[in-house]
Amino acid sequence: MEPRGGLPQRLALAREQRAARGLTREVVEPHTGGADFTSNDYLSLARDPALIEAARAALEHGAGGRASRLLGGGSPLDREVERAAAEWLDADDALLFPSGYHANLGLFGALIRPGDVVLSDELNHASLIDGLRLARARVVIYRHADPEDLERKLGALGRGGAALVATESVFSMDGDLAPLLAIAAVCARFDASLIVDEAHAIGLLGPHGAGAWAALGEERARDPVLAARVLTGGKALGASGALVVCGAEVRAALVDRARSFAFTTAAPPSVVGALRAGIERARSAHARRERALALARRLASQLDLPAPAGAIVPFVVCGAEAALTAARELRVRGLDVRAVRPPTVPEGSSRLRLVCHASNSDAELEALIVSLRALTLPRTSTSPFRARAQALVVAGTDTSVGKTIVAALLARAATRQGRAGYFKPVQTGTESDTEVVGRLAGAALRLAEPAHAFPLPASPHEAALAAGASVDVE
C-alpha cells in the first residue's frame with residue numbers, strides 16, 4: 001500500500017489538479033487605480049459621504065455587535081433598519097442578519113419541516129443552495145427561469161408536506177430576470193410559497209429601487225404566495241448585512257429557529273448605521289440607478305449580447321484559462337474585471353462578469369468595449385444565446401428539403417413557451433434563412449447573425465472551399 005501522506009501533501013496535490021484545469025483561486029486586491037467593472041456596488045454608495053457619516057455616528061453604540069441579539073447584542077439601530085426595509089418593500093416586518101449568506105442559511109432551516117419540498121432554480125446562488133442543504137430539505141431542481149418546467153414538477157409531487165419555490169430575481173452570474181409573475185401564478189395554482197432573493201435587483205429595479213417583485217405592481221406587494229424576500233446590504237445599498245423582509249409569522253419563525261441568527265454575533269452598529277443610510281439613499285437614487293442600467297444596456301448592445309435585466313453583463317469565453325488571461329489583460333489596461341469559472345458557473349461557461357456602476361464614466365465604458373473587442377479570445381459560440389439554453393438542432397442532407405420551414409415552425413412554437421432564439425451557424429446561398437425564419441416565426445423570436453455566409457448553395461465545407469475560406473467547426 002502507498003503511504004497516505006499528510007494533510008498538506010493531499011491539499012497540495014488537489015491544488016495542482018485544480019491548477020491544471022485553471023480553477024485555482026487567489027485573492028486579488030481591488031484595482032483602486034482603475035475603473036471598477038467587477039464589484040456589486042451598483043449605485044456607487046459604498047463611498048458615499050452620507051453612508052460614511054452614518055457609520056461614524058453609529059459608533060456611539062460601540063464598535064462591535066458584542067453578542068447574538070438573543071443575548072443582548074446589537075443596538076437599537078437593528079430594529080430601525082428592519083422597520084425601514086419593511087416600509088420600503090411594503091411588507092409587515094423584516095429581520096436583520098450579518099450577511100446575505102447568513103440570511104439564506106437561516107431562512108430555509110427555519111421554515112422547512114420533514115416532508116416539505118423546495119423547488120429551486122438550477123442557477124440559484126450558492127447561498128440558496130447551501131441553505132437548502134443545511135435545512136436537509138428535499139430539493140427538486142427546475143430548469144432555469146422556466147415556469148412550465150416548475151409547473152410540471154410541482155404537479156408531479158402529489159400530496160404531502162408544504163411546497164416552497166426559491167429563485168433569485170436577477171441572477172448573480174447571468175444577469176437575467178426570473179419570470180416572477182409566471183412563477184407566482186404557478187405557486188398559486190399549487191398552493192406553494194415563494195421565496196425571492198433580491199440581492200442583485202434591490203436598489204436597481206422597481207419603484208424607488210424596491211426590487212423586481214415591487215416592479216410587478218402595488219397589488220402584488222402582499223400576494224399570499226410571497227413568503228419572503230432577501231435583500232443584501234453589501235451590493236447596491238453600499239454597506240453590509242442582509243434583511244429577510246416578510247410577514248410577522250415568518251419573522252417569528254426566524255427568531256425562534258434560524259441558527260445563523262441565533263448563533264452568531266450581531267452586526268456592528270457602524271454597519272447597521274451605514275445600511276440604514278444606504279436604504280434612504282437608494283430609495284431616492286433615481287439618476288444613479290438609471291445611469292447604471294443604461295451603461296449595462298449600452299455595454300451589452302455594443303458587444304452583441306442580450307440586454308441585461310440589471311447591471312450584470314456576462315461575457316462568456318471558451319475555457320477557464322482564457323477567462324483568467326482576459327481578466328489579467330484588462331487589469332493591465334486599468335480595467336478591474338474578474339474571471340468567473342466553475343464551480344461558480346456551469347462547466348463550459350467560464351466568463352468575464354462585467355458589472356456597471358453609477359460612477360462609471362462614458363470614457364471608461366468605451367475603454368472597456370474597445371479592450372474587449374481587441375482581445376483574441378476563443379468564445380464558446382458566436383451566438384449571443386445562453387450557454388445552457390435547451391437546443392433543438394434541425395439538420396438535413398440536401399438543399400430545399402424543408403429545414404428552414406421546420407425550423408420556423410419549431411421557433412414559432414418555442415416563442416409561445418418563453419424566450420427563444422434562432423441561429424444558423426453557416427449560411428450558404430444568396431437567400432438568408434435567418435430572415436425567412438424571422439419572418440415566419442414572428443417578432444418575438446431573437447435572431448443571431450450566421451457565423452459564416454458563402455454564396456454557393458451547397459454544403460458548408462463545399463461552399464467555403466468555393467469561396468477560398470474554411471469553417472472552424474470547433
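I started with the largest cavity, and its volume comes out at about 70 Å³. I'm working from a predicted model here. Counting cavities of 30 Å³ or more, I get one. Next I listed what lines the largest cavity: Ser68, Arg69, Asp78, Leu96, Phe97, Pro98, Phe261, Thr264, Thr265, Ala266 and Ala267. I sorted that lining by type and got six nonpolar, three polar and two charged residues.

**Salt bridges, whole structure.** How many salt bridges does a search of the whole structure find? I get 24. I then went through a few of the pairs.

**Arg288 and Asp48.** The side chains of Arg288 and Asp48 make a salt bridge, 3.1 Å from N to O. I checked where the partners sit: Arg288 is in helix H11 (residues 286–302), while Asp48 is in the loop between strand E1 (35–36) and helix H2 (49–57). That puts the two 240 residues apart, so I noted the pair as a link between distant parts of the chain. Buried or exposed, what is Asp48? Asp48 is buried, at 4% relative accessible area. Arg288 has 25% relative accessibility, so I put it down as partly exposed.

**Asp90 and Arg222.** Here the closest N and O atoms of the salt bridge are 3.4 Å apart. I found Asp90 in the loop between helix H3 (76–88) and strand E2 (93–97), and Arg222 in the loop between strand E6 (193–197) and strand E7 (226–232); the pair therefore ties together parts 132 residues apart in sequence. Asp90 is partly exposed at 36% relative accessible area. Arg222, at 48% relative accessibility, also goes down as partly exposed, because the cut-off for exposed is over 50%.

**Asp336 and Arg338.** I read 2.8 Å between the closest N and O atoms of this salt bridge. Asp336 is buried, with 5% relative accessible area. Arg338 counts as partly exposed at 21%, since buried means under 20%.

**Surface patch.** Last, I looked at nonpolar side chains on the surface. Which residues form a nonpolar patch there? Leu392, Val394, Val406 and Leu410 do, and together they have about 330 Å² of accessible area. I followed up Val394, which lies in the loop between helix H13 (362–374) and helix H14 (403–417). Its relative accessibility is 32%, so Val394 counts as partly exposed.

Technical notes:
Residues are numbered from 1 along each chain as its sequence is written. This is a predicted model: local features need pLDDT of at least 70, side-chain atom pairs count only at pLDDT 80 or more; totals for chains, interfaces and linings use all residues. Side-chain values use heavy atoms; hydrogens and water are left out. Patches are made of residues with over 30% relative accessible area and no salt bridge: like charges are joined within 9 Å, nonpolar side chains (Val, Leu, Ile, Met, Phe, Trp, Tyr) within 5 Å. Accessible areas come from the Shrake-Rupley method with a 1.4 Å probe; for residues, only the protein chains shown count as cover. A salt bridge is a side-chain nitrogen of Lys or Arg within 4 Å of a carboxyl oxygen of Asp or Glu. Helices (H or I, at least four residues) and strands (E, at least two) are DSSP runs, numbered from the N terminus. Buried means under 20% relative accessible area, exposed over 50%, partly exposed in between (1.4 Å probe, protein chains only). On a 1 Å grid over the protein atoms alone, a cavity is a set of points where a 1.4 Å probe fits but cannot get out, and a pocket is an open set with protein on both sides within 12 Å along at least five of seven lines; lining residues have an atom within 4 Å of a point. Grid points are joined across faces, edges and corners, and a volume is the space filled by probe spheres set on the points. Ala, Val, Leu, Ile, Met, Phe, Trp, Tyr, Cys and Pro count as nonpolar, Asp, Glu, Lys and Arg as charged, and the others, Gly among them, as polar.
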